[in-house]
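Subject: Structure handover

Hi,

Here is the structure I promised to pass on. Please load it before reading the notes.

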Amino acid sequence: MKYIRYSKYTGEAADSVDLEELIKRLGDFFLQSGFESQYYGVSEFDPEKTMEALREAILRALAEGDLLPEDLLEQLTQQEGSGKSQQELRELLDRLIQRMMEEGYINGPPPQVTAPPEKTPRGHLGAGRDAQNQARFELTDKTIDFLGFRTLKDLLGSLGKSSFGRHDTRELSTGVESGGISRRYEFGDTLNLDVSATLFNAVRREGAKVPIALDYPDLMVHQCEYQSSCATVLMLDCSHSMILYGEDRFTPAKRVALALSHLIRTQYPGDSLHLVLFHDSAEEVPLGELARVQVGPYYTNTREGLRLAQRILSQQKKDMRQIVMITDGKPSALTLEDGRIYKNAFGLDPLVVTQTLEEVAKCRKSGIIINTFMLASDYSLVHFVQKVAEICRGKAYFTTPYTLGQYLLMDYMSKKTRHIH
């Protein structure tokens, strides 16, 4: 008799990988700010990524564990294995890249599986692979949005329970959520009736009889906390010091910017967020381009960043206007009246500091609050940041790249609209 043996179909190894978890682990690679280029000799001014670099990043992510069975990963990555195991590993990486393209996380040329060395035509050894290694890929808006969502989720999870809502103030208005005593209805109010108070007014006026005759003056409505809108300009320092001294400070700042963007879009739809990079000068950058931004051999022109931020906020018709500045360096550059850039590498130049503080004073006169997140703790920097906070009545946070997101999100979701009366 003929027997047929059935076994469980496990599918391809690449199809069993949790793609969202893989994208999360590749976040630092996607948002790389030039820090690694100091050690690997990559041009830090080239924000493009190659397919071969992506394969290496995926392999490092797989090596962290949990995405593939350990025995399978060890079998694929064994150095002393035959060319067959190396070919299987490359096919696995190419299949993962193909899945990322199919699901819209990256754009780029489809990966091509190269033949094993022994099957490569004579005279063409390595030619196809070199061309493939130089192929570029680009991140999509889906990846940017996903990284912002996961960063926000991780940050809020580390904070504990956080109640989403709008920005609370001391003012009261009519709405759905009750937050104060009832008052008489006025034309234009949300018709959120306090039924008990309304009926009581009618009974007190007409007496206890059925049916109860309601009149316009009887109407009472609940009050809730007035919720304001906020316009925010996030100023990111992209001077060279953000990747110096053995620490990448710019990539965490980029992650926080993406998380803040996701928070505003999903929980504070009435708010607006603009991104300004300041270095030798300053420029506004769309949030969709944030992943491609890298630091350079720049100085820190804080004054020019504040000028641009004020111009942006002057066009926003919001109840609150604020600047959130993330930096690790002291002001070391200044744009002169004739357009030339005055620079002092030692920082805290009297001319630069004076002009910068004058710009801070202009922000206060315009009703703009400046909250500064300092990623350094030098005494001279602490004094400068405290002076900025004193002039504009803002806040100063002295934090690290690891706690930056927690402090920034806590500040944004707190009742900072208490300044409105």
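**Ground rules**

This is a predicted model, so local features need pLDDT of at least 70 and side-chain atom pairs count only at pLDDT 80 or more, while totals for chains, interfaces and linings use all residues. Residues are numbered from 1 along each chain as its sequence is written, and side-chain values use heavy atoms, with hydrogens and water left out.

**Whole chain**

The chain has 14 helices and 14 strands. Both are DSSP runs, numbered from the N terminus: helices are H or I with at least four residues, strands are E with at least two. There are 421 residues, and 47% of them are buried. Buried means under 20% relative accessible area, exposed means over 50%, and partly exposed is in between (1.4 Å probe, protein chains only). Take the contacts in the chain with a separation of 6 or more: 76% of them join residues 24 or more positions apart. Contact means heavy atoms within 4.5 Å.

Two packed helices are described by the angle between their axes and the distance between the axes. Here axes are lines fitted to C-alpha atoms, for helices over the stretch in contact, and angles run from 0 to 180 degrees between N-to-C directions.

Start with α11 (residues 302-313) and α12 (residues 350-365). Their axes come within 9 Å and cross at roughly 20°. α11 and α12 are therefore roughly parallel. The classes are: under 35 degrees roughly parallel, over 145 roughly antiparallel, 65 to 115 roughly perpendicular, the rest oblique. The crossing of α11 and α12 is left-handed. That term applies if the near helix is turned anticlockwise from the far one by less than a right angle; clockwise is right-handed. On the α11 side, the contact uses Thr302, Arg303, Leu306, Arg307 and Gln310. On the α12 side, it uses Gln355, Thr356, Glu359, Val360, Lys362 and Cys363. By type, the residues of this α11 and α12 contact are three nonpolar, four polar and four charged. Nonpolar covers Ala, Val, Leu, Ile, Met, Phe, Trp, Tyr, Cys and Pro; charged covers Asp, Glu, Lys and Arg; the others, Gly among them, are polar.

Next, α12 packs with α13 (residues 379-392). The angle is about 30° and the axes are 8 Å apart. That makes α12 roughly parallel to α13. The crossing of α12 and α13 is right-handed. From α12 come Val353, Thr356, Leu357, Val360, Ala361 and Arg364. They meet Phe384, Lys387, Val388, Ile391 and Cys392 of α13. The residues of this α12 and α13 contact divide into eight nonpolar, one polar and two charged.

Val352 is also in α12. Val352 is buried, at 0% relative accessible area. Beyond its neighbours within four places in sequence, Val352 is in contact with Pro331, Ser332, Ala333, Leu334 and Tyr342.

**Helix α14**

How many of the ten residues of α14 (residues 404-413) are buried? Seven are, so α14 is largely enclosed by the rest of the structure. The buried ones are Leu404, Gly405, Leu408, Leu409, Asp411, Tyr412 and Met413.

**Single residues**

- Ser272 is in strand β8 (residues 272-278). Ser272 counts as buried, at 12% relative accessibility. Its side chain makes a polar contact with the side chain of Gln316 (3.3 Å). A polar contact is a pair of N or O atoms within 3.5 Å; within protein, one must be able to donate a hydrogen and the other to accept it, and residues adjacent in sequence count only if both atoms are side-chain atoms.
- Gly104 lies in the loop between α6 (83-102) and β2 (106-107). Gly104 counts as partly exposed, at 25% relative accessibility. Gly104 and Thr140 are 36 residues apart in sequence and 6.8 Å apart in space, C-alpha to C-alpha.

**Backbone geometry**

Most residues other than glycine have a negative phi, and most peptide bonds are trans. Two places deserve a look.

- The peptide bond from Val210 to Pro211 is cis, with omega near -5°. Pro211 sits in the loop between α9 (195-206) and β6 (220-228).
- Arg393 is not a glycine, yet has a positive phi of about 60°. Arg393 is in the loop between α13 and β14 (396-398). At 58% relative accessibility, Arg393 counts as exposed.

Best wishes
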